[in-house]
Amino acid sequence: MKNNDKQGFLNPLKIFIKSLLKKKTPDEIIETAKNSELKKTLNAFDLIMLGIGAVIGTGIFTIIGIAMAGEPNSPGAGPAVIISMIIAMFACLFSALCYSEFASMIPAAGSAYTYTYVTMGEFMAWIIGWILMLEYAISNITVACSWTGYFMELMKGFSHILPSWLVNPPIWLINDYRTAISVYKDMGLDPAVEIPKIFGFIPICINVPAILLILVITILLIQGIKESTKAATILVFVKLFVILLFIFAGAFYVSPENWVPFSPNGIKGVLSGAFLIFFAYVGVDAVSSAAEETKNPQRSLPIGIIGTLIVCTIVYTGTALVLSGMVPLDKINVLAPITAAMNSAGLYKIGGLIAVGALAGLTSVLLVYQLGTTRILFAMARDNFLPKSFQKIHKKHGTPHVVTWAAGIIVIIGALFMDLKISAELCDFGTFANFMIICIAVLILRKTDPDRKRPFKVPFVPLIPILGIILCGGLMVHGFMTLGISAVLFPVWIILGALIYFAYGYRKHRELEK
């Protein structure tokens with residue numbers, strides 16, 4: 001190959017690679033955020049409420065039972081779930097400190113997507129944004145479907161008042177397709193006969209309560225961030241009251257012999273429990289996603305992130321101690337463990353209250369996760385990676401209404417067919433990858449921009465970020481080694497994201513530079 005031909009080939013390649021690695025400076029992002037039309041109304045208390053709203057929900061009302069009792073392909077931690085929680089908490093704590101440094105330094109929408117853009121460039125930012133979309137959207141699908149289960153249990157308590165069709169609707173109207181098939185088989189019925197079909201061959205399964213809830217949440221988010229936060233705060237107080245009631249009432253029914261054996265499946269069970277429990281900590285990222293709508297982000301964001309982690313860890317640990325002491329491991333109800341524990345002690349009225357608290361908890365989780373989804377997509381659209389219409393701000397409410405509707409529709413479609421267990425596992429993989437990247441990003445920016453003002457600084461760098469990488473990476477590797485379908489789907493999701501970037505995002509973003 002002649003030199004001229006070789007040069008002609010290498011120059012476009014160099015330009016292409018340079019584009020993939022092109023970074024935005026923190027000052028550019030901060031300036032864009034200052035000119036944003038998003039309303040700045042949140043304070044530190046609001047952020048803590050959003051954080052608790054996101055973290056205390058599915059994990060404490062559903063997943064804690066699975067983490068303790070285990071599943072066919074995943075050994076349970078037993079009472080040692082407390083150690084699982086401590087491992088998950090530290091993995092999250094190290095990453096949360098890194099989040100706090102970035103959030104106080106670059107108070108802009110986009111969370112980890114924005115921080116990656118500053119440190120690793122355009123392509124990695126897209127991949128992290130793609131992972132965040134998986135993390136939030138899949139979480140929302142899982143939470144919405146779990147909400148339906150608790151809602152239908154609560155409705156049964158009104159069977160003497162409400163009509164039968166409302167209390168006991170057809171299975172195919174309150175479940176996704178996979179779940180409906182499983183339920184019908186457990187009932188000894190033929191799913192092919194029970195599930196109606198369009199055109200004689202397309203089965204119909206619609207989780208109507210979940211879909212209606214998502215629509216209500218979407219409309220609420222469009223009304224304004226402050227209104228959404230007020231709703232989240234009310235829901236947080238309801239569920240905290242119910243959980244504290246469980247802890248204090250249940251403490252009188254604890255039998256220490258239920259804590260023996262403490263770790264029936266050893267370290268494997270503890271790590272499996274930590275992997276599952278980590279699902280709850282996605283909410284830490286959601287706090288930073290509201291940075292651009294915070295009044296004093298340099299001060300409020302670190303308080304919101306770290307305050308969330310402290311409160312939630314105390315609540316989770318207390319709940320695990322009481323639950324594992326009240327109910328023998330082989331009798332834990334994995335679907336509604338806390339409610340079932342109260343009922344087993346004869347505290348039926350408290351059990352009913354816990355069902356209400358679970359609904360409040362799951363609703364607040366969905367509200368905050370949807371908020372996070374819309375802000376990530378908004379930031380990516382503002383960088384011209386997604387359709388321009390996603391940047392539009394509602395003139396009256398000051399919210400990104402178009403992208404909020406788009407996020408709601410995505411979750412509604414997913415709720416029709418996603419498997420709940422696989423959804424939760426995929427979310428975990430996304431969260432681990434996301435948290436590891438944030439730890440790496442702190443190390444990079446400390447080297448490339450050491451003199452930048454940092455209102456909050458991660459202590460003991462590089463030790464803290466490295467520990468975050470090791471813990472999150474270790475749990476992620478454990479997941480790849482022990483899980484099936486989700487361990488395959490996560491890499492597939494990343495490859496799909498890369499293909500979409502090269503086919504659409506790369507070209508779309510270049511339009512911004514012209």
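Start by selecting Arg446, which you will find in helix H19 (residues 420–448). Keep in mind that this is a predicted model. Show side chains, and look for the polar contact between the side chains of Arg446 and Glu101, at 2.8 Å. Beyond its neighbours within four places in sequence, Arg446 also touches Arg454, Lys457, Val458 and Val461.

Next, move to helix H11 (residues 208–223). Its 16 residues should span 22 Å at 1.5 Å a residue, and the end C-alpha atoms lie 23 Å apart, which agrees. Colour the buried residues of H11, among them Ile211, Ile214, Thr218 and Leu221. What lies over them? The cover for the buried residues of H11 includes helices H7 (122–156), H12 (225–250), H17 (348–382) and H18 (401–414). Just past the end of H11, stop at Gly224, where phi is positive, about 145°.

Now for the aromatic rings: the whole structure holds 20 aromatic pairs. Select Phe385 and Tyr501; their ring centres are 6.4 Å apart and their planes meet at 50°, so this pair is tilted. The two come from distant parts of the chain, 116 residues apart: Phe385 sits in the loop between H17 and H18, and Tyr501 in helix H21 (residues 485–513). Phe385 has 0% relative accessibility, so it counts as buried.

Finish at Tyr117, where the charged end of Lys24 sits over the ring, 5.8 Å from its centre.

Key
Residues numbered from 1 in each chain as written. Predicted model: local features only at pLDDT ≥ 70, side-chain atom pairs only at ≥ 80, totals over all residues. Heavy atoms only, no water. Helix = DSSP H or I, 4+ residues; strand = E, 2+ residues; numbered from the N terminus. Polar contact = N/O pair within 3.5 Å; in protein donor to acceptor, adjacent residues only side chain to side chain. Contact = heavy atoms within 4.5 Å. Expected span 1.5 Å × (residues − 1). Buried < 20%, exposed > 50% of the residue type's maximum accessible area, 1.4 Å probe, protein only. Phe/Tyr/Trp six-rings, centres within 6.5 Å; stacked < 30°, edge-to-face > 60°. Lys NZ or Arg CZ within 6 Å of the ring centre and 35° of its normal.
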